[in-house]
Protein chains: 2
Amino acid sequence: MKAKTMKRKICFIGAGNLATHLSKALQNKGNDIIQVYSKTIASAKMLGEVLNTEYTNSIQEISTEADLYIVALKDSAFTEVLSQIGFQDKLLVHCSGSMPITVLENYSENIGVLYPLQTFSKSKELDFGNIPVFVEANSESNSELLVQLGQTISKSVRELSSEKRKALHVAAVLACNFVNHMYTLAEEYLDSEQIPFDVLLPLIDETARKVHSLKPKEAQTGPAVRFDKNIIDDHLHALDNFPETKELYESISKSIFKHHNEKS
Amino acid sequence: MKAKTMKRKICFIGAGNLATHLSKALQNKGNDIIQVYSKTIASAKMLGEVLNTEYTNSIQEISTEADLYIVALKDSAFTEVLSQIGFQDKLLVHCSGSMPITVLENYSENIGVLYPLQTFSKSKELDFGNIPVFVEANSESNSELLVQLGQTISKSVRELSSEKRKALHVAAVLACNFVNHMYTLAEEYLDSEQIPFDVLLPLIDETARKVHSLKPKEAQTGPAVRFDKNIIDDHLHALDNFPETKELYESISKSIFKHHNEKS
């Protein structure tokens with residue numbers, strides 16, 4: 001049992017938004033980040049200096065001393081980078097919602113996933129404590145180890161299969177990435193009318209807050225759910241100079257109407 | 001000057017979500033709601049009882065004693081109801097983001113708009129203090145009166161023209177109604193995978209919180225902004241049983257990619 005409570009030496013492969021937030025959170029909670037690798041030296045250096053730890057942009061210099069390698073790369077960069085590293089069956093973990101655990105099976109006997117369900121922007125500080133972390137591994141003991149590691153930073157750590165994690169990622173794209181794009185379209189349009197985006201913030205906050213206590217379907221308001229054709233047509237006309245936003249306005253309005261008038 | 005600080009007697013025409021929240025907030029801050037009208041007696045009764053005030057579903061019984069009539073009806077019900085009431089040039093106000101002030105000009109010499117920018121669901125309590133309220137009127141003195149009334153319930157009261165109010169309403173539909181529909185689609189899909197919607201709440205909250213300190217465009221993350229085609233195709237496939245969500249997934253992803261790769 002002693003070994004389990006010993007500090008694990010962690011090497012980060014990748015130094016982007018997720019790597020930055022996750023490595024800082026792990027280090028803050030006493031985990032030992034011994035090295036950071038990024039193919040871009042500036043990124044490696046920036047994160048290495050934040051963590052006050054070794055950094056490199058050379059695959060050959062990646063430490064062989066780590067007990068755990070956490071890969072936080074763009075999915076598209078995975079194979080290229082991992083195929084050049086010898087992991088000697090150390091525990092190798094990725095953090096991606098979209099990739100199954102099996103993408104790691106050519107690189108080590110001990111593999112896992114640690115997926116924090118959150119949106120990470122470098123310049124925005126985060127409290128990891130409330131971020132749900134989903135864990136998967138190829139053995140009971142690896143899974144246990146990742147749950148323990150996850151629990152050092154988050155109150156909410158659960159095991160979840162690759163298949164379910166993908167489903168969660170799809171939902172996260174809808175509820176976060178697409179939501180943020182709605183904010184972007186709103187800001188772009190308000191800019192053209194010289195109205196500051198900030199006036200929307202109380203509405204944005206309340207829209208998020210409402211689904212803590214109401215089901216999203218019950219929380220729906222606005223012209224589309226009532227199919228108030230006059231307003232919808234008027235809004236479409238107002239968006240004449242934003243043809244792409246106008247098209248989305250129309251298709252999302254139709255979808256809202258359908259959901260509230262055909263299926264319930 | 002005395003008259004201005006006297007309590008105005010207010011009659012609400014309409015007893016829906018907006019009327020409920022607004023009348024309660026006004027009453028809580030010492031304003032005198034003397035009557036509630038709704039064509040549905042159950043709605044009139046429910047709000048009348050909440051406010052402990054008179055209620056009616058008969059247009060003939062609408063009080064002639066009020067100084068201010070606040071119309072909170074569906075836009076489509078406006079003309080039918082208002083054309084039957086004699087307002088004797090009392091101040092007549094609507095609360096709609098989408099209708100110009102001029103829709104009231106056939107019914108009184110004193111008209112205005114008091115538009116609280118928020119999403120109202122009956123079963124969800126609200127703190128009006130932070131809700132931006134936008135005011136418009138046909139005269140300086142009416143405008144001043146509405147600003148004062150707005151300030152009894154909100155710290156943020158501004159004058160805004162009908163044209164700008166419409167623009168704001170379009171943006172609110174994007175940033176609230178469409179956002180909530182993304183939550184609905186996410187929940188529907190998660191349900192089919194037996195994953196509880198609640199796991200998304202920290203992500204939903206952070207997505208809203210981020211745009212307090214970052215511009216929405218800077219806050220954008222996810223596969224579409226990077227145009228990670230593998231993930232996008234994989235997600236589209238995962239949504240095969242939700243053809244409508246799939247279609248929106250595709251068109252919103254395209255719009256995100258365009259915004260971040262063509263215009264910046």
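A residue counts as buried under 20% relative accessible area, as exposed over 50%, and as partly exposed in between (1.4 Å probe, protein chains only). By that rule B:Phe120 and B:Phe128 are both buried.

This is a predicted model, in which local features need pLDDT of at least 70, side-chain atom pairs count only at pLDDT 80 or more, and totals for chains, interfaces and linings use all residues. Residues are numbered from 1 along each chain as its sequence is written, chains are lettered from A and ligands numbered from 1 in the order in which they are written, and side-chain values use heavy atoms, with hydrogens and water left out.

**Aromatic pairs**

Rings of Phe, Tyr and Trp (its six-membered ring) pair if their centres lie within 6.5 Å; planes under 30 degrees apart are stacked, over 60 edge-to-face, and the rest tilted. The whole structure holds ten such pairs over all chains. Two of them are set out here.

| Pair | Centre distance | Plane angle | Class |
|---|---|---|---|
| B:Phe120 and B:Phe128 | 5.9 Å | 20° | stacked |
| B:Tyr189 and B:Phe242 | 5.7 Å | 85° | edge-to-face |

The pair of B:Tyr189 and B:Phe242 links distant parts of the chain, 53 residues apart. B:Tyr189 sits in helix 6 (residues 162-192) of chain B, and B:Phe242 in the loop between helix 10 (229-238) and helix 11 (243-261). Helices (H or I, at least four residues) and strands (E, at least two) are DSSP runs, numbered from the N terminus. Both B:Tyr189 and B:Phe242 are buried.

**Where the chains meet**

Contact means heavy atoms within 4.5 Å. Chain A brings 90 residues to the contact, and chain B brings 90 residues. The area buried between them is about 8600 Å², with 66% from carbon and sulfur atoms. Buried area is the accessible area (1.4 Å probe) that two parts lose on being put together, summed over both.

Eight salt bridges are counted between chain A and chain B. Each joins a side-chain nitrogen of Lys or Arg to a carboxyl oxygen of Asp or Glu within 4 Å. One salt bridge ties A:Lys166 to B:Asp234 (3.4 Å, N to O). Helix 6 (162-192) of chain A is among the helices that each supply at least two residues of the side touching chain B. Helix 6 of chain A gives the largest share of that side, 26 residues.

**A buried loop residue**

A:Ser156 lies in the loop between helix 5 (140-153) and strand 8 (157-159) of chain A. Its relative accessibility is 19%, so A:Ser156 counts as buried. Leaving aside neighbours within four places in sequence, A:Ser156 is in contact with A:Gly129, A:Ile131, A:Pro132 and A:Val133.
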